[in-house]
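Hi,

Here is the structure I said I would pass on.

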Amino acid sequence: MCAIEAGKRGRRVAVLEHADRLGKKILISGGGRCNFTNLHCQPESFLSSNPHFAKSALARYTPGDFIALVEKHRIPYHEKTLGQLFCDRSARDILGMLEEECHAAGVSIFLNAKIQEVRRTTDFAVHTTAAEFHAPALVVATGGLSIPKIGATSFGYDLARQFGLKIRDPRPGLVPLVLEPQDRSRYCDLTGVSAEVIASCDGQQFREKMLVTHRGLSGPAILQISSYWKKPQEISIDIAPGSELTAVFRDPKVPRTLAALRSEFRKTLPARLADRWLELHTPASWTNTALAEFEQQAHAWSITPESTEGYEKAEVTCGGVDTDELSAKTMESRKVPGLYFLREVVDVTGHLGGFNFQWAWASGAAAGRAL
Ligand SMILES: Cc1cc2nc3c(=O)[nH]c(=O)nc-3n(C[C@H](O)[C@H](O)[C@H](O)COP(=O)(O)OP(=O)(O)OC[C@H]3O[C@@H](n4cnc5c(N)ncnc54)[C@H](O)[C@@H]3O)c2cc1C
């Protein structure tokens, strides 16, 4: 996006990509259909140590701008849920569109470009194994650490450090969580069971699906809250949001038995999870107090994850180049004129649902229009 905007303004642009093709992450995104933006994109949908930083770029390149581009290329798409827009066919449509736009803007793309050294004298000199490039501006858009097997590197952070820019500690985000051994043995044989929950941590909460995995928890609610979680914090999970599981017992005619409670619980939760929860949290007695405690536990299941599944499984990397180092309008370094950092390598991370790509397009456009 940055190359396209700069190329359209007549700049000579070289994209140096170390992989053998562009946009591998686009191809695997959104389960192969690329959730390319979100209709409800708000600054609140992003984490950053400076929550105001992303506002300017997001306001100047909106989901509507990207949708207009998608429509210009006649790419069919649909809203899946919660404003999330996906390709009808394949993520290849989005990559093809960006490649076509690069071509039309006269952008040169160099694949297999292994960068060995970057130096700054009067301009920037970038040495690859095959060539040397000189330019008055250098844009670093090499992403975060997520999914090393498709080419993620620490290059962006290393380069930022080389030029004396501060980094906020990177950590995996939008990532499944690993339960500690006791909870793992209690729940993980339920692999594949999912339920709508509210997951809360650090003042944030998400009401979406949770999925039990063979080592812990995943699903949208967990992925979302994982970006806010730091060891050893607790995460609180309401496994029956909006339901009062024991309300039926206000009727004196209803017998206070495990069978009656199980039948109520199964109306709200998948049977296997309901049964397991009851086994592990059987009410101590049938008094109103004991039932209230049972109710409260189900709405505030407190877990302390052992860890996350790490960068191998994380959709994004939280943290990154400190936003204090960059202009919010152009993404240019304040200390090193001509050096730009964009997208995921910067300390701005979106929620699940197309926000990370919208940030990538918006921060790319912001720099591309300034170069
Ligand atoms: C499985 C998965 C699914 C996702 N699905 C979605 C989704 O549906 N919607 C959404 O909004 N977000 C999604 N994301 C997040 C989104 O893909 C990223 O936030 C986004 O791609 C970040 O863009 P980027 O350009 O900063 O980094 P990247 O897309 O990672 O691009 C960085 C590029 O730099 C190259 N590179 C790295 N190091 C070097 C180097 N040393 N020299 C030269 N080139 C280098 C890489 O090969 C890569 O091509 C998903 C992420 C994953 C992992």
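A polar contact here is a pair of N or O atoms within 3.5 Å; within protein, one must be able to donate a hydrogen and the other to accept it, and residues adjacent in sequence count only if both atoms are side-chain atoms. With that in mind, a nitrogen atom of the ligand sits 3.2 Å from a polar backbone atom of His18.

Before going on, some housekeeping. This is a predicted model, so local features need pLDDT of at least 70 and side-chain atom pairs count only at pLDDT 80 or more, while totals for chains, interfaces and linings use all residues. Residues are numbered from 1 along each chain as its sequence is written, and side-chain values use heavy atoms, with hydrogens and water left out.

Back to the ligand. One of its oxygen atoms is 2.5 Å from a side-chain N or O atom of Glu17, and a backbone N or O atom of Phe357 is 2.7 Å from an oxygen atom of the ligand. Taken alone the ligand exposes 980 Å², and the protein buries 89% of that (Shrake-Rupley method, 1.4 Å probe; for residues, only the protein chains shown count as cover). The shell around the ligand has 25 residues (a heavy atom within 4 Å), with Glu17, Thr153, Arg343, Glu344 and Phe357 the closest. Helix 12 gives the most to that shell, three residues (helices are DSSP runs of H or I, at least four residues; strands are runs of E, at least two; both are numbered from the N terminus).

A nonpolar core means buried Ala, Val, Leu, Ile, Met, Phe, Trp, Tyr and Cys residues joined through side-chain atoms within 4.5 Å; buried is under 20% relative accessible area, exposed over 50%, partly exposed in between (1.4 Å probe, protein chains only).

Is Thr349 buried or exposed? Its relative accessible area is 2%, so Thr349 counts as buried. Leaving aside neighbours within four places in sequence, its contacts (heavy atoms within 4.5 Å) include Ser45, Phe46, Cys318 and Asn356.

Overall, the chain has 12 helices and 21 strands, and buried residues make up 51% of its 371 residues.

Cheers
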